[in-house]
Amino acid sequence: MKNAKDLCKKHAGKHYLLCMHVLGLMTQATTLKELEEVVVSATVVFSSPASHENVEKYFQNLQVLLTSTAPPVVKDIDTTEEDSVVESSATPFDDHFKKVIQQAPLDTQGEPNDYYCSTFIPKLLKHFLPQSVLWSGLLLGDLGRHGTGPVYGMLSKKYSRAAQNSTQNYTKDNKTQGIMEKSQWDLKKIRFQQKRLTRLDDFVHTYKGLHEDAHDCPWQERLGKSQMERRSHGPSCAT
């Protein structure tokens, strides 16, 4: 959410909160059609230089969507400026959302649009929408809903079988366990010594190096070091 907040603060100005709610709607979209609806509405509202029938129509549509959908939980996290730098490559969603945005019926005549933010949608298109399949709900739930045919039918059958299991599985809203939280705290605060690793290759390289060092060190020595590091970092966070 850090990147989303930076986007809205820098490119939405006084409409920061509204844009954050709109991005929240996008994260909750479970089909491409739902996501396109929010993108088109946001494009008309924030990219129309003038305010006329279309801005009013699509702004009301956003209001309906916002009031009929439970707002996502947004948490403040400990980040620095370099965490917001994301190197992304082209995806099939680049051209798709370019066409969607280009076809949005913008208002060009009428009174000045109070919601006009000239750079918000272009930045959204460049840095967020190409990877929307990762941060939205498109890959969650029964993937058979996305189409018809044998492959989609197979996906629905797998989802139905998994939903019948009594143990935790991907069909349920699984809660984070305290032991997992504690393990991640140890990894970040002790083993990585609070280093910030924003690239996957850096993470793998550092993690591998830690394991290689651990194999060269007797377990009694590793245990003593771990206990000393815990004491130096203070008590763990409550889960």
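Trainee: Which residues of helix α5 (residues 92-102) are buried?

Mentor: The model is a predicted one. Buried here means under 20% relative accessible area. By that cut-off, the buried residues of α5 are Phe93, Asp94, Phe97, Val100 and Ile101.

Trainee: Why do the buried residues of α5 line one face of the helix?

Mentor: An α-helix has 3.6 residues a turn, so residues three or four places apart point the same way. Viewed down the axis of α5, the buried residues line one face because they fall within an arc of 135°.

Trainee: Which exposed residues does α5 carry on the face turned away from its buried side?

Mentor: Exposed means over 50% relative accessible area. On the face of α5 turned away from the buried side, the exposed residues are Pro92, Lys99 and Gln102.

Trainee: What covers the buried residues of α5?

Mentor: The protein has 11 helices and 2 strands. Among the elements that cover the buried residues of α5 are α3 (32-47), α6 (120-127) and α7 (132-135).

Trainee: Is asparagine 113 buried or exposed?

Mentor: Asparagine 113 lies in the loop between β2 (111-112) and α6. Beyond its neighbours within four places in sequence, asparagine 113 contacts Val44, Val45, Ser48, Pro49, Ala50, Ser51 and Val55. Its relative accessibility is 8%, so asparagine 113 counts as buried.

Trainee: Which backbone atom does the side chain of asparagine 113 reach at 3.0 Å?

Mentor: A polar contact is a pair of N or O atoms within 3.5 Å. At 3.0 Å, the side chain of asparagine 113 reaches the backbone nitrogen of tyrosine 115.

Methods:
Residues are numbered from 1 along each chain as its sequence is written. This is a predicted model: local features need pLDDT of at least 70, side-chain atom pairs count only at pLDDT 80 or more; totals for chains, interfaces and linings use all residues. Side-chain values use heavy atoms; hydrogens and water are left out. Buried means under 20% relative accessible area, exposed over 50%, partly exposed in between (1.4 Å probe, protein chains only). Helices (H or I, at least four residues) and strands (E, at least two) are DSSP runs, numbered from the N terminus. The arc is that of the directions from the helix axis to the C-beta atoms. Contact means heavy atoms within 4.5 Å. A polar contact is a pair of N or O atoms within 3.5 Å; within protein, one must be able to donate a hydrogen and the other to accept it, and residues adjacent in sequence count only if both atoms are side-chain atoms.
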